[in-house]
Amino acid sequence: MRRVGTGRALWLIVAVCLLLVLSALPASAQSGARVAFVNTSGQLVIGSADGSYRWIVTNPGEMLVQPVGFTWSPDGRTLFLAVNNGAGISLRFADTAAQSVTEAAQSGASAITGGGWTRDGRGVMVSDGNSITFIGRDGSIAPVVTGQSGLSLFSPYGDARPNLPGARAVSSGNTHVFFQQGDGRYAVAALDGSSAFPLPGSNEQNARASGLWADNAPLVAYWGYEGSAILSVTNATNGQTLTLNSGRTAPITPVLWLPNTTVLLYRDASGVVRAADMGCLASSCSSDPLQSGLEVLPPTATEVVLSNGALYYQDGNNIMALNSACISSGACAGSAVMVAANAAPSTMISAAGNVLFFTGFSANPNDVNDRSAQVVVVNGCQFSGGCTVAAAIPSALSGTLSADGSAALYDSPAAGGLFAVSLTSGANTYLADSMGAPGLALARWGG
């Protein structure tokens, strides 16, 4: 049961704090952003930050199938979901505008993976272990890879860090799919069946940061093991691959691609985050850019996110920011500024629009009872310094921001629940009973 009295008392504090934020946010920001989450009964629910929308999508007793769960379409208007209805796995599309659900297919497989959308939003990729299939929201079904066993796709719903760049099954041009074979090794295949390439390295299923596609080229970055840890980038059109071998067992991983470029940020064997332009893979490479990447962030940098040209990361108990323009000029060393102090360890950072959202502490970084969800408005201070916390929600864990930064998710056991708060109107909407950090990570913003 929701503790109404405690929640109301906390909201009075939140409302006062948010008065400091509202005037600094753009007037065009939308406070009705919708978020999908699972309540304590296991039902999928969609609500809005301003409290004007609420739809219980699944029926009592129906449970989401792991690890597929649900995923939002790129336009944030449709959910794909996989449900165990007792007779098998029901694959469905939920239209948020019409509040209607359509079953696209039934699967008798014991387990399915995937659920990631194509970039054009036409449908999703799903694997039943023996094949990879495209399921369109127009009712179309088309096999992509067949005749193998043990196939799997990355499932976005299974990602415990939805704020960080995640793996995608399909390339930016909707031409190729990245997947895992039964032996744990990766592969890419053209959606039209014209080519398929096995790739170096094997890994566990759903390994974070494998399958990162560049925005403007068919380049995919991934990591795995060939005795020691390796990091690779492949041109999916011709299979040309560059691989960095660490000589160690500790993972070396891709971090993110700079938007609309062929510049990859990756973590090397010493933990340093470096940048390398992988554009030569479009033709041929005379040398391996991964071997001589520019040092960008220290090995102590964690939770690296990119928003509006700023790289945010946690370093110890501080949140730092770096202007990503320093990569092209080669002048990143020593240019980071501190955005906030007293950031709690092993918690999420979210950045969107001109807002940064994180979990802070007052006195003890390791005390889970000493937590507050904190808002920083970054109107240039992320590049010059002087940022201040504009609002703090006491006794709360921060979740993610909506895409435009107008709303935020937080979980407060003290207030008895998971909440969405509009940073433009001040509306604070109860979503579900508190489920702590795991439940908070599974709540995902749509449109």
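These legends go with a set of close-up views of one predicted model. Residues are numbered from 1 along each chain as its sequence is written, and side-chain values use heavy atoms, with hydrogens and water left out. Because the model is predicted, local features need pLDDT of at least 70 and side-chain atom pairs count only at pLDDT 80 or more, while totals for chains, interfaces and linings use all residues.

**View 1. Confidence along the chain, with residues 1-9 in focus.** Mean pLDDT (the predictor's confidence in each residue, from 0 to 100) is 91 for the chain, and 93% of its residues reach 70 or more. Over residues 1-9, pLDDT stays under 50. The model gives this stretch 12 contacts (heavy atoms within 4.5 Å) beyond four places in sequence. Where pLDDT is low, the predicted coordinates should not be read in detail.

**View 2. The largest pocket and its lining.** A pocket here is an open set of points on a 1 Å grid over the protein atoms alone, where a 1.4 Å probe fits, with protein on both sides within 12 Å along at least five of seven lines; lining residues have an atom within 4 Å of a point. This one has a volume of about 1600 Å³, taken as the space filled by probe spheres set on the points, with grid points joined across faces, edges and corners. What lies nearest the centre of the largest pocket? Look for Pro162, Leu164, Pro165, Gly166 and Arg168, out of 42 lining residues. Several strands (DSSP runs of E, at least two residues, numbered from the N terminus) supply at least two lining residues each, among them β9 (113-117), β24 (301-307) and β32 (397-401). The lining divides into 24 nonpolar residues (Ala, Val, Leu, Ile, Met, Phe, Trp, Tyr, Cys and Pro), six charged (Asp, Glu, Lys and Arg) and 12 polar (the others, Gly among them).

**View 3. The second largest pocket, lined by 14 residues.** Its volume is about 320 Å³. Nearest the centre of the second largest pocket are Leu164, Arg208, Ala209, Thr253 and Arg267. Both β20 and β24 supply at least two lining residues, and β24 gives the largest share, three residues. By class, you will find eight nonpolar, two polar and four charged residues in this lining.

**View 4. Three disulfides (pairs of cysteine sulfur atoms within 2.5 Å).** Numbered in sequence order, the bonded cysteines of the chain pair as 1-2, 3-4, 5-6. The sulfur atoms of cysteine 280 and cysteine 285 are 2.0 Å apart, and their S-S torsion is about 95 degrees, so this disulfide is right-handed. Between cysteine 326 and cysteine 332 the S to S distance is 2.1 Å, and both cysteines are buried. The link of cysteine 381 and cysteine 387 is right-handed, with 105 degrees about the S-S bond. Cysteine 381 is buried at 11%, and cysteine 387 counts as buried at 13%.

**View 5. Phenylalanine 358 in strand β29 (residues 355-360).** Is this side chain's residue, phenylalanine 358, buried or exposed? With a relative accessible area of 1%, phenylalanine 358 is buried. Leaving aside residues up to four places away in sequence, phenylalanine 358 touches residues including Ile319, Met348, Val376 and Val389. Its C-alpha atom is separated by 7.6 Å from that of threonine 347, 11 residues apart along the chain.

Definitions and conventions: Helix = DSSP H or I, 4+ residues; strand = E, 2+ residues; numbered from the N terminus. Buried < 20%, exposed > 50% of the residue type's maximum accessible area, 1.4 Å probe, protein only.
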